[in-house]
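Me: I would like to go through this structure with you. Could we begin with the charged pairs and then turn to other topics?

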Amino acid sequence: MTRINGQTRIVGVIGDPVQHSRSPQMHNAAIVERKLDYVYVPFHVRSGELQEAIEGFKALNVLGVNVTIPHKQTVMSILDDVSHEATLIGAANTLIFCDGRVSGDNTDAQGFLRAMTEEGIDIPVGGSAVVLGAGGAARAVVVALALSGLDLITIANRTEWKAIQFEKDLATISETEISAVDLASNQLNLAIRSADLLVNTTSVGMQETDQLLIDPDFLNPGTIVYEIVYTPPETPLLRVAREKGCQTIGGIGMLVHQGAIAFEKWIGIVPNVETMRIALKQALYQKKL
Ligand code: ATR
């Protein structure tokens, strides 16, 4: 890349594996568009070398990195400062290096909310949501919704104890009631029937042939259906929801916005989210848009 010079600052992403990450395309498109002297680089960092990598970034004057699997949780113990949201989520997806210190933040929760509002969809403050899944992504979503002032969040997970753990961990972060139910229970059906928002945070839906996790008979047209999965762009759940007349949101917006917020935190400039979205879609779906 000829644009790199002696003053170019480095940002990037760490993961293992990291080759699959589309963040370099998304961030570099926004950097080039704004004519900024930065470059976004993927770093393959193995679990046993996380601490050395962090020290290396400090020494090399790297500005910041995103964090992906498997380091999001484990990096927390290495950080000098941790944001409130990262603490609640129990994971950091964005690190910022400054004056020999490393601080960790999590932009997934804000990215989730921004993607919703950019579609013109109001966050159902005072209403209820059902969240399918109780993994890392679910935790960011539940924290985002609990801090937004929902009345009730029902978490349904295949492995029920993980949902119950969420209920315990997150019960006191706000006034929001958090309730764990079995994925196969009638309680879930009832919660879906009265939900303002249904969010799928599981990986179910990535395959066109995946079975639905919910019984669509309980889905109302008034329920917003939000899918964290972004490949394919329309999952079986989104298709059913669209056919039912529900407002739907795909996972690409959250991916773009969590990246845009990290970009802003590092560089102090608001990136063009449309440029990021187009680059991401090209990278993910391998076609010119
Ligand atoms: P992420 O960080 O993307 O959230 P994760 O922490 O591995 O990934 O969580 C994956 C979530 O998808 C979990 O809630 C998982 O359920 P279990 O806790 O029971 O494993 C859920 N999930 C994955 N495959 C599933 C399937 N076939 N049916 C139901 N839930 C599934």
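Me: Which residue forms a salt bridge with Lys-265?
Reply: In this predicted model, Lys-265 pairs with Asp-105, and the closest N and O atoms are 3.0 Å apart.

Me: Is Asp-105 buried or exposed?
Reply: Asp-105 is buried, because its relative accessible area of 13% falls under the 20% limit. Lys-265, at 38% relative accessibility, counts as partly exposed.

Me: How many salt bridges does the structure hold?
Reply: The structure holds 13 salt bridges. Among them is the pair of Lys-58 and Asp-80, with the closest N and O atoms 3.7 Å apart. Lys-58 belongs to helix α2 (residues 50–59) and Asp-80 to the loop between β3 (64–67) and β4 (81–82), so this pair ties together parts that are 22 residues apart in sequence. Both partners are partly exposed, Lys-58 at 23% and Asp-80 at 34%.

Me: And which residues do salt bridges with shared partners join into one network?
Reply: That network consists of Glu-208, Glu-234, Arg-239 and Arg-242.

Me: Changing topic: which residues touch the most other members of the largest nonpolar core?
Reply: They are Phe-112, Leu-145 and Tyr-226, in a core of 37 residues. Helix α5 (residues 136–147) gives the most to this core, with 8 residues. Apart from it lies another core, of 20 residues, including Leu-36, Ile-252, Phe-263 and Leu-284.

Me: What does Leu-145 touch, leaving out residues up to four places away in sequence?
Reply: Its contacts are Phe-112, Ala-129, Val-131, Leu-150, Ile-153, Thr-176 and Leu-197.

Me: Phe-112 again. Which residues of helix α4 are buried along with Phe-112?
Reply: In α4 (residues 108–118), Asp-108, Ala-109, Gly-111, Leu-113, Ala-115 and Met-116 are buried as well. The buried residues of α4 pack against several elements, among them α3 (84–89), α5, β10 (197–200) and α9 (252–267). Following α4 is Gly-120, with a positive phi near 80°.

Me: Now the ligand. How many residues surround the ligand, and which are the closest?
Reply: There are 14, the closest being Ala-134, Asn-157, Arg-158, Thr-159 and Lys-162. A polar side-chain atom of Asn-157 lies 2.7 Å from a ligand oxygen. From the backbone, a polar atom of Ala-134 is 2.9 Å from an oxygen of the ligand, and an N or O atom of Ala-137 also lies 2.9 Å from a ligand oxygen.

Me: How much of the ligand does the protein bury?
Reply: The protein buries 65% of the 650 Å² that the ligand exposes when taken alone.

How values were computed. Residues numbered from 1 in each chain as written. Predicted model: local features only at pLDDT ≥ 70, side-chain atom pairs only at ≥ 80, totals over all residues. Heavy atoms only, no water. Core = buried A, V, L, I, M, F, W, Y, C linked by side-chain atoms within 4.5 Å. Buried < 20%, exposed > 50% of the residue type's maximum accessible area, 1.4 Å probe, protein only. Helix = DSSP H or I, 4+ residues; strand = E, 2+ residues; numbered from the N terminus. Contact = heavy atoms within 4.5 Å. Near = heavy atom within 4 Å. Polar contact = N/O pair within 3.5 Å; in protein donor to acceptor, adjacent residues only side chain to side chain. Areas by Shrake-Rupley, 256 points an atom, 1.4 Å probe, with all protein chains shown as cover. Salt bridge = Lys/Arg side-chain N within 4 Å of Asp/Glu carboxyl O.
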